[in-house]
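Let's take a walk through a protein together, one stop at a time. Keep the picture open while you read, and look up each residue as we reach it.

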Amino acid sequence: PLQLLRQLQAAHGAQIAPASYADGLDTAPAALRFAPADTADMLPQLERALGSGAVILDRSHWRVIRLSGVDRLRFLHSQTTNSFVGAPAGAVLDACVLDSQGRTVDLLTAVDVQSVDELVLLASPNRGKRVAAALEKVIFPLDKVRCALEPEGASAVFELLGARAAEATAAALGLSVDALPATDRCVVVGEILVLGSTSLSRVHGRGCILLAPAARAADLWTSLAGTGGVNSPMLGGEAEWQALRVACGRPFPDAELTREINPLEAGLYHTISFSKGCYLGQETVAKVNGAPAPKQRLLGVRLDGPALPGTALFADDDGGARAGVVTSMLSCGTGLVMIRSAVGTAGLRVRSAPDELGVVRRGTALEVPFASRSEAQSAGPREQVGVVAGGGTPAPSAVDAKALAAAADAAAAEGVRKAAKLVEMQARFEAFKAKTAKAGGGPP
């Protein structure tokens with residue numbers, strides 16, 4: 001469905017091929033990179049484009065999941081870490097899907113499109129199928145919700161970042177900049193869903209994600225990309241997005257989101273509500289939050305050369321304590337690492353274990369701007385997130401009260417729903433026992 005888009009991108013120098021990930025999953029053909037293959041470090045060019053222009057990143061190989069039905073918000077509220085019940089209309093929220101041990105399966109972007117009564121979830125390319133299957137598994141007959149994983153290539157997903165991202169988006173859509181959605185909100189323009197925030201908005205400020213039907217993909221890309229001249233946006237694909245997310249500290253499945261790392265260790269407090277009801281993995285999250293500090297933290301690192309993911313790191317001092325491990329790495333030596341809290345934090349001097357040629361890399365662990373590190377930065381009504389100047393938390397507003405009341409109503413409704421499910425399951429069990437006894441000829 002995206003064949004014409006891929007042809008246009010190839011004409012602009014893109015490498016088109018399936019994207020491969022650590023778990024062995026390959027996607028449909030994607031725009032892997034626009035930078036020449038021999039580019040050792042694409043970050044300087046990306047940073048220049050972000051500062052003075054715009055960068056367009058093709059994320060069309062990411063998976064789109066759609067939840068519909070009147071219970072969709074309540075359902076997602078009960079299955080992920082963020083608070084969806086009581087959220088403002090059209091809100092764009094990030095949320096984690098966890099396993100039973102509280103480890104992060106994926107980091108989702110979710111938006112409730114009320115004009116079509118649908119929750120749209122943007123999942124990582126190597127996690128969409130797993131997340132959709134997990135959600136479908138816990139939908140009961142009494143739940144008025146449906147879950148559908150879009151076929152690969154059914155939609156195009158373009159992300160725009162940078163100082164002129166809003167101008168580029170508005171021009172391509174034939175709108176004024178003022179008509180674009182506010183940060184963390186969405187609007188629908190014809191067949192195109194426009195999100196007012198991006199996967200990297202915590203670091204790069206206002207941007208947009210455009211979700212369009214495959215039939216509109218090529219024309220929309222052409223409008224966004226411009227003529228390719230000096231004033232046109234910089235084009236990017238998987239490699240460019242990965243470079244930006246590593247530089248700012250956004251975790252990714254199979255790298256920083258693994259069975260060994262929970263969302264608080266990964267710096268994802270802003271995706272978690274500590275005041276909502278139960279969800280899978282909540283007990284582990286609450287336990288980690290109640291500890292003096294996480295056992296390990298996701299940090300950045302700048303080494304004097306690249307080290308492979310999985311490389312052990314040690315404190316570069318006389319003690320040489322085991323400090324952590326490399327999780328992601330760019331060819332320039334900029335990367336992400338998990339560092340044990342008992343050994344150090346940002347500013348720690350580290351050295352790598354020798355590679356197969358005996359080369360040892362040295363550098364410094366750094367704080368990453370994407371990370372949120374405390375409950376004060378956790379998810380909730382937007383007026384309460386963060387810390388105000390001079391310390392403390394903003395006073396609750398009328399909007400907060402309304403959201404909290406809605407959350408309380410949702411908790412009560414959730415209790416009623418669970419009780420009904422329990423009755424239904426008990427009835428099924430009794431019917432199963434009666435059927436088994438009858439088949440065996442014994443008493444029920």
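How many disulfides does a search of the whole structure find? The answer is zero. Keep in mind as you go that this is a predicted model. Cys186 has a relative accessible area of 15%, so it falls under the 20% cut-off and counts as buried. Cys278 is exposed, because its relative accessibility of 52% is over the 50% mark.

Now on to salt bridges. The structure holds 15 of them, and we'll visit a few.

Start with Glu256 and Arg245, whose side chains meet with N and O 2.6 Å apart. This pair ties together distant parts of the chain: Arg245 belongs to helix α8 (238–248), while Glu256 lies in the loop between α8 and α9 (282–290), and the two residues are 11 residues apart.

Next, find Arg373 and Glu367. Their side chains also form a salt bridge, with an N to O distance of 2.7 Å.

One more pair to find is Glu167 with Arg164. The closest N and O atoms of this salt bridge are 3.3 Å apart. Glu167 is partly exposed, with a relative accessible area of 42%, and Arg164 is partly exposed too, at 38%.

Let's finish at a helix. Which residues make up helix α3, and how many of them are buried? Helix α3 covers residues 72–79, and six of its eight residues are buried, which leaves it mostly covered. The buried ones are Arg72, Arg74, Phe75, Leu76, His77 and Ser78. If you trace along a helix, here's a handy rule: an α-helix has 3.6 residues a turn, so residues three or four places apart point the same way.

Key
Residues numbered from 1 in each chain as written. Predicted model: local features only at pLDDT ≥ 70, side-chain atom pairs only at ≥ 80, totals over all residues. Heavy atoms only, no water. Buried < 20%, exposed > 50% of the residue type's maximum accessible area, 1.4 Å probe, protein only. Helix = DSSP H or I, 4+ residues; strand = E, 2+ residues; numbered from the N terminus. Disulfide = S-S within 2.5 Å. Salt bridge = Lys/Arg side-chain N within 4 Å of Asp/Glu carboxyl O.
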